Amino acid sequence: MTRRILFRVEGNELVGHGHFMRCLSIADYLMGSHKCVFAVSNPSALVMHELQMRAIELYRTPSAGQFHPDDKSSSENWAYDLAGFAQEGDLLFLDGYRFDNSFMKRITEKGGKVIRVQDEFNSKVDYHGIVTPLPISSSEIEPLIGQSKLWSGLDGFLIRRAFYKPAQSKLPIVFDWFIYVSSPKSLKFYIESAALEGQRVMALTLPPFESACKEQLWNTMVAPDVNILVDNMRSAANALIPASTVAIEYLVATNRTPFVQSFAKNQNSAIKHFKRLGWWKLYSPETIENQDNIKFNLVAESPEVKFKHWINERF
């Protein structure tokens with residue numbers, strides 16, 4: 001019988017789409033051999049479109065507000081909301097902020113397992129597995145993960161396949177900068193950034209910020225086809241982007257180190273680990289002026305086969 005994989009994640013304009021997109025990438029890797037289902041309380045039009053394109057089932061959980069690191073309106077944990085939907089033996093990917101221990105308890109009671117997808121390690125919960133984009137070894141976080149099994153960025157970045165595809169021909173540099181406008185805070189930062197003044201800019205953005213980007217005379221993409229996105233990344237000499245999944249995608253697609261900026265508290269941990277290896281550079285006017293365009297020094301091959309083997313053998 002085909003095993004069911006359940007993704008509990010949010011994706012919308014308020015909390016962003018980074019968590020959803022990495023779960024979608026994992027689903028793309030696994031859906032050939034597993035039945036993938038997404039459980040979302042407040043899906044955006046983009047989320048529904050991407051799932052419909054893949055014929056992936058969407059389960060609407062009871063709306064429970066938006067819990068993310070910078071949500072000042074609530075400090076509650078997000079309790080189990082899959083009653084009546086979770087099945088015996090499900091493998092649950094839990095990707096988001098402040099999910100409480102009830103998910104682990106209830107899924108385990110049904111004979112299932114839980115893999116936690118996370119960017120920070122500040123609490124000890126004995127999940128069956130942990131997936132993180134951070135390039136860290138299990139020994140670095142052993143006191144926190146207990147007996148959990150770890151997949152980290154050192155094992156391979158779980159991003160969409162298109163970012164790993166080699167370019168068929170060398171693309172000319174058309175843009176000076178590739179940026180990602182994902183929040184009012186990032187929009188304000190880019191508008192005020194001296195690095196972008198008078199430059200040719202390609203902006204990836206979300207619908208609420210599209211008109212503001214065009215007012216800056218930036219070339220603008222909203223939810224583009226992934227292959228077009230890859231080509232535009234490769235056509236940009238530099239990137240100035242949030243310390244998020246998009247920075248990893250640019251790194252792999254271009255083999256160039258992006259400049260990053262923290263726009264949320266959870267991004268500081270990612271900056272620390274990627275900067276340590278020279279794979280990201282923290283933006284400041286001084287680093288822009290003295291850039292030496294460090295290259296990504298890890299063989300960027302898709303980890304799809306290796307990851308499927310990890311899932312099938314250990315869970």
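The model here is a predicted one, in which local features need pLDDT of at least 70, side-chain atom pairs count only at pLDDT 80 or more, and totals for chains, interfaces and linings use all residues. Residues are numbered from 1 along each chain as its sequence is written, and side-chain values use heavy atoms, with hydrogens and water left out.

Helix 3 itself spans residues 102–109, and Phe103, Met104 and Ile107 are its buried residues. Here buried means under 20% relative accessible area, exposed over 50% and partly exposed in between, with a 1.4 Å probe and protein chains only. Helices (H or I, at least four residues) and strands (E, at least two) are DSSP runs, numbered from the N terminus. Looking down the axis of helix 3, the buried residues fall within an arc of 95°, so they line one face of the helix; the arc is that of the directions from the helix axis to the C-beta atoms. An α-helix has 3.6 residues a turn, so residues three or four places apart point the same way. On the face turned away from the buried side of helix 3 sit the exposed Lys105 and Glu109. The cover over the buried residues of helix 3 includes strand 1 (4–9), strand 4 (91–95) and strand 5 (113–117), where contact means heavy atoms within 4.5 Å.

Strand 5 also leads on to Gln118, which lies in the loop between strand 5 and strand 6 (129–131). Is Gln118 buried or exposed? At 13% relative accessibility, Gln118 counts as buried. Leaving aside residues up to four places away in sequence, Gln118 touches Arg22, Ile130, Val131, Thr132 and Pro133.

Elsewhere, helix 1 (residues 18–30) meets helix 11 (residues 304–314): their axes come within 9 Å and cross at roughly 85°. That makes helix 1 roughly perpendicular to helix 11, a label for angles of 65 to 115 degrees; under 35 is roughly parallel, over 145 roughly antiparallel and the rest oblique. Axes are lines fitted to C-alpha atoms, for helices over the stretch in contact, with angles running from 0 to 180 degrees between N-to-C directions. Helix 1 brings Ile26, Asp28, Tyr29 and Leu30 to the contact, and helix 11 brings Glu304, Phe307, Lys308 and Ile311.

As for the whole chain, 11 helices and 13 strands turn up, and 55% of the 315 residues count as buried. Cys23 is buried, at a relative accessible area of 0%, and Cys213 is likewise buried at 0%.
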